[in-house]
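Visitor: I'd like to go through this one with you, a question at a time. Please put it up and we'll get started.

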Amino acid sequence: MLKDKEERRLKKAKITLMRHKDFALYSGVMMIGKTILSETCPTACTNGRDETYGRTFVKQLTDNELAFVMMHENMHKLFRHLFIWRKLY
């Protein structure tokens, strides 16, 4: 089954980040979990493992903005923000 445009853009952004000299170090973190394109997510989020991106949100972003958002979500995973927050709560 062929992927649609937004799915291809997510995959392209992730691969571009993983190959970039400044972000290749984070490739292991980017490989953890699933990358999900959702009809119901308004923007982007992570549960600490999987990343979810809203289809409408992705359509509105340039390639550079999409890469930024993707790296932002992966930094949440890297720094274990959701797991640390749960322990503090």
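Visitor: Is Phe-68 buried or exposed?
Guide: Quick ground rules: this is a predicted model, where local features need pLDDT of at least 70, side-chain atom pairs count only at pLDDT 80 or more, and totals for chains, interfaces and linings use all residues. Residues are numbered from 1 along each chain as its sequence is written, and side-chain values use heavy atoms, leaving out hydrogens and water. Buried means under 20% relative accessible area, exposed over 50%, and partly exposed in between (1.4 Å probe, protein chains only). Phe-68 comes in at 60% relative accessibility, so Phe-68 counts as exposed.

Visitor: How far is Phe-68 from Ala-13, C-alpha to C-alpha?
Guide: Phe-68 sits in helix 4; helices (H or I, at least four residues) and strands (E, at least two) are DSSP runs, numbered from the N terminus. Along the sequence, Phe-68 and Ala-13 are 55 residues apart, but in space the C-alpha separation is 9.1 Å.

Visitor: What pattern does the protein follow along the sequence?
Guide: The tally is 5 helices and 3 strands. Read in order, they give α-α-β-β-β-α-α-α.

Visitor: How is helix 1 oriented relative to helix 4?
Guide: Their axes are 9 Å apart and cross at about 70°, where axes are lines fitted to C-alpha atoms, for helices over the stretch in contact, and angles run from 0 to 180 degrees between N-to-C directions. As for the wording, under 35 degrees is roughly parallel, over 145 roughly antiparallel, 65 to 115 roughly perpendicular, and the rest oblique. So helix 1 and helix 4 are roughly perpendicular.

Visitor: Which residues of helix 4 meet helix 1?
Guide: Contact here means heavy atoms within 4.5 Å. From helix 1 come Arg-9, Leu-10, Lys-12, Ala-13, Lys-14 and Leu-17, and they meet Asp-63, Leu-66, Ala-67, Met-70 and Met-71.

Visitor: Which residues does Leu-10 touch?
Guide: Leu-10 is on the list of core residues with the most contacts. Leaving aside residues up to four places away in sequence, Leu-10 touches Thr-35, Leu-37, Tyr-53, Val-58, Leu-66 and Met-70.

Visitor: Is Lys-77 buried or exposed?
Guide: Lys-77 belongs to helix 4 (residues 63-78). Beyond four places in sequence, Lys-77 touches Val-29, Met-30, Ile-32, Thr-46, Gly-48, Arg-49 and Glu-51. With 7% relative accessibility, Lys-77 counts as buried.

Visitor: Which residue's backbone oxygen lies 2.8 Å from a polar atom of the Lys-77 side chain?
Guide: A polar contact is a pair of N or O atoms within 3.5 Å; within protein, one must be able to donate a hydrogen and the other to accept it, and residues adjacent in sequence count only if both atoms are side-chain atoms. For the Lys-77 side chain, the backbone oxygen 2.8 Å away belongs to Ile-32.

Visitor: What about Lys-59: what is its relative accessible area?
Guide: Lys-59 lies in helix 3 (residues 55-60). Outside its sequence neighbours up to four places away, Lys-59 touches Glu-6 and Arg-9. Lys-59 is exposed, because its relative accessible area is 52%.

Visitor: Which residue forms a salt bridge with Arg-55?
Guide: A salt bridge is a side-chain nitrogen of Lys or Arg within 4 Å of a carboxyl oxygen of Asp or Glu, and by this rule there are 9. In one of them, Arg-55 has its closest N and O atoms 2.4 Å from those of Asp-4. That pair links distant parts of the chain, 51 residues apart, with Arg-55 in helix 3 and its partner in the segment before helix 1 (5-19).

Methods
A nonpolar core is a set of buried Ala, Val, Leu, Ile, Met, Phe, Trp, Tyr and Cys residues joined through side-chain atoms within 4.5 Å.
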